[in-house]
Amino acid sequence: MVYLDYNASTPVDQRILVAVTESQCAYGNPASAHHAIGKAAAERVEEARSRVADLVGRPAQDIVFTSGATEAAVLGLLGTMIGAAGRPNIVVSPTEHKAVLEAAELGARLAGGEARVVRVDRDGVVDLDDLARLVDNSVAAVAVMAANNETGVVASAAEIAEISHRAGSLFFVDATQLIGKGPADAAAALADLMVFSSHKIYGPKGAGALVASRRVQKSIVPIASGGGQERGLRGGTQNTPSIVGFGLAAELAMKEQASDAARIGDLADALLTGLQRQLPDVYVNGGEADRLPNTLNLRFVGADAEAVMASMPEICVSAGSACNSAVPSPSHVLLAMGMSGTEASESLRISLGRPTTRDEVDVAVACISAAVSRVRELTRE
């Protein structure tokens, strides 16, 4: 079995797994600061907060722990829209993760406004002229992901932030795929709101973060209020083991992401070269834009992606976001880029990770090539 779906989730790094297991002993409630066991748990949470903050170059007080990027996005967008007096509208890219698109639409509806959708080009890059046209003083936030989860295309964060801030709008960045794959300091410095998850950087599931300054935090209406945890923005007892793992994953990402990116990028190039040597009519979706080094979204002309995957159960890839896999329809990201339904349905997302080896790449080239050829032959019959 060859796993090439690291954009969906990553295995927990063994070094992190040890730390998470040990942290189970810190069973106290981090909010129980009146005794030593509770204080020990709280100290572990705050140590992890500092590590996550260091990864994005922000102060620890800017980190709000959640259960993952989806909850963080809902908190950041809904909380902002509900609290944004006089600014009922939001601008969003059509290639965002469904969690962001749905939170933006609901937030705008609750605020009495609309979610305005900015155009993107054939590579999925935001049309800056259209963005400038859509952003005015009625817009509370502009939501554009740092790197696309399906194509790996990297956004022009500086230009988008400048347009957003010129109108007094907050810049919301989904950095879930960028974190751990490339430097995030620049995007984090520009973002008023940023979200990402532990399980995308070899940490455990169940932990994520909303990054926002204290000033911005004060403007967010809590979605899950309760015991006052996370500065009153996210009630409920913190998930200490997952947060501890998240913190260590952040620390390891800081140390290893540059070397990981170089090695994984070389493997991705070898995979693409191998497939294009074995098969005609293989195209990279978003191939003219800057992309993450680990991500290939490939169109195999004449081969339905679902049929290809069914023909190679030993290779784990996807036809789009894992969150949409229960709905077998063409990727909304590829459709927004101007592809037809047929073209989108011929596309596979292949994403490599820290454990990926050259032997696995060679196996994947052979299996994918055989599966695509088999599907093409059956289609022609």
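Analyst: What follows starts with helix α1 and then moves to other places in the chain. Keep in mind that this is a predicted model.

Start with α1 itself, which covers residues 14-23. Which of its residues are buried? They are Ile16, Ala19, Val20 and Ser23. Look down the helix axis and these buried residues fall within an arc of 100°, so they line one face of α1. The spacing has a simple background. An α-helix has 3.6 residues a turn, so residues three or four places apart point the same way.

Now turn to the other side. The face of α1 that points away from the buried side carries exposed residues. These are Gln14, Thr21 and Glu22.

What do the buried residues of α1 pack against? Their partners are α2, at 36-56, and α9, at 240-278. Take the pair of α1 and α9. Their axes lie 8 Å apart, and the packing angle is about 155°. Angles over 145 degrees count as roughly antiparallel. The two helices α1 and α9 are therefore roughly antiparallel to each other. The crossing of α1 past α9 is right-handed.

Next come the residues that meet. From α1 they are Arg15, Ile16, Ala19, Val20 and Ser23. From α9 they are Pro241, Val244, Gly245, Leu248, Ala249, Leu252 and Glu256. By type, the residues of this contact between α1 and α9 divide into 8 nonpolar, 2 polar and 2 charged. Note that Ile16, Ala19, Val20 and Ser23 are the buried residues of α1, and they also take part in the contact with α9.

Helix α3 spans residues 69-83, and helix α4 spans residues 98-111. They pack at an angle of about 20°, with axes 8 Å apart. Angles under 35 degrees count as roughly parallel. So α3 and α4 are roughly parallel to each other. Here too the crossing is described for the pair: α3 passes α4 in a right-handed crossing.

On the α3 side, the contact is made by Thr70, Ala73, Val74, Leu77, Leu78, Met81 and Ile82. On the α4 side, the residues include Ala99, Val100, Ala103 and Leu106. Sorted by type, the residues of the α3 and α4 contact are 14 nonpolar and 2 polar, with no charged ones.

Aspartate 130 sits in helix α5, residues 128-134. Is it buried or exposed? Aspartate 130 is buried, because its relative accessible area is 2%. Leaving aside neighbours within four places in sequence, aspartate 130 is in contact with Val117, Val118 and Arg119.

Glutamine 61 lies in the loop between α2 and β2. At 41% relative accessibility, glutamine 61 counts as partly exposed. Not counting residues up to four places away in sequence, glutamine 61 touches Ala212, Arg214, Gln217 and Arg231. Glutamate 230 is 169 residues from glutamine 61 in sequence, yet their C-alpha atoms are 9.5 Å apart.

Glycine 232 belongs to the loop between α8 and α9. Its relative accessible area is 29%, so glycine 232 is partly exposed. From glycine 232 to valine 221 the separation is 11 residues in sequence and 9.5 Å in space, C-alpha to C-alpha.

Technical notes:
Residues numbered from 1 in each chain as written. Predicted model: local features only at pLDDT ≥ 70, side-chain atom pairs only at ≥ 80, totals over all residues. Heavy atoms only, no water. Axes fitted to C-alpha atoms, helices over the stretch in contact; angles between N-to-C directions. Helix = DSSP H or I, 4+ residues; strand = E, 2+ residues; numbered from the N terminus. Parallel < 35°, antiparallel > 145°, perpendicular 65-115°, else oblique. Left-handed = near helix turned anticlockwise from the far one by under 90°. Contact = heavy atoms within 4.5 Å. Nonpolar A, V, L, I, M, F, W, Y, C, P; charged D, E, K, R; others polar. Buried < 20%, exposed > 50% of the residue type's maximum accessible area, 1.4 Å probe, protein only. Arc of directions from axis to C-beta.
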